Amino acid sequence: MESLIKTYSPISISTGFNHTFGKNRQGNPNFLENFQENYNYKYFCAPEFKMENITVSSTNIKSFLSEGKIKEAYKFLTNNFSIKSKVISG
């Protein structure tokens with residue numbers, strides 16, 4: 001954490017309520033909140049947000065897409081989902 005702070009000198013850090021990072025995912029919102037004064041940044045945590053009793057998250061959106069549930073994924077996206085690729089003959 002110290003090397004990241006020294007390298008990037010963030011003024012603020014924002015994450016979602018369930019964000020984890022670092023070795024064994026030990027970094028989390030509590031960690032970031034507890035160290036904001038030590039490292040001179042302001043921490044903002046986005047609270048959980050639900051639609052139709054489902055948490056809006058990248059994990060859930062990716063799950064819908066991988067299961068082919070495009071309409072369900074669209075409910076949680078602000079832009080239409082698309083895939084762009086080069087068609088290869090054969």
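I began just after α2, where N40 takes a positive phi of about 60°; helices here are DSSP runs of H or I with at least four residues, strands are runs of E with at least two, and both are numbered from the N terminus. I note that this is a predicted model, in which local features need pLDDT of at least 70 and side-chain atom pairs count only at pLDDT 80 or more, while totals for chains, interfaces and linings use all residues. Residues are numbered from 1 along each chain as its sequence is written, and side-chain values use heavy atoms, with hydrogens and water left out.

I then looked for positive phi values elsewhere, and found S9, not a glycine, with a phi of about 45°, in the loop between α1 (2-8) and β1 (12-16). N24, also a residue other than glycine, has a positive phi near 55°, and I placed N24 in the loop between β1 and α2 (29-39). N24 counts as exposed because its relative accessibility is 63%, where exposed means over 50% relative accessible area, buried under 20% and partly exposed in between, with a 1.4 Å probe and protein chains only.

Next I turned to α2 itself.

Which residues of α2 are buried? I found P29, L32 and Q36 buried there, and they lie on the same side of α2 because they cover an arc of only 55° around the axis, the arc being that of the directions from the helix axis to the C-beta atoms. The buried residues of α2 pack against β1 and β2 (42-46), with contact meaning heavy atoms within 4.5 Å. On the face turned away from the buried side of α2, I listed the exposed residues N30, N34, E37 and N38. At the start of α2, I saw that a side-chain oxygen of N28 reaches to within 3.0 Å of the backbone nitrogen of N30.

Y74 lies in helix α4 (residues 70-76) and counts as partly exposed because its relative accessibility is 35%. I also looked up N79, which is in the segment after α4, and noted that N79 is exposed because its relative accessible area is 58%. Finally, I compared the positions of N79 and N24, which are 55 residues apart in sequence and 33 Å apart in space, taken C-alpha to C-alpha.

Conventions
Polar contact = N/O pair within 3.5 Å; in protein donor to acceptor, adjacent residues only side chain to side chain.
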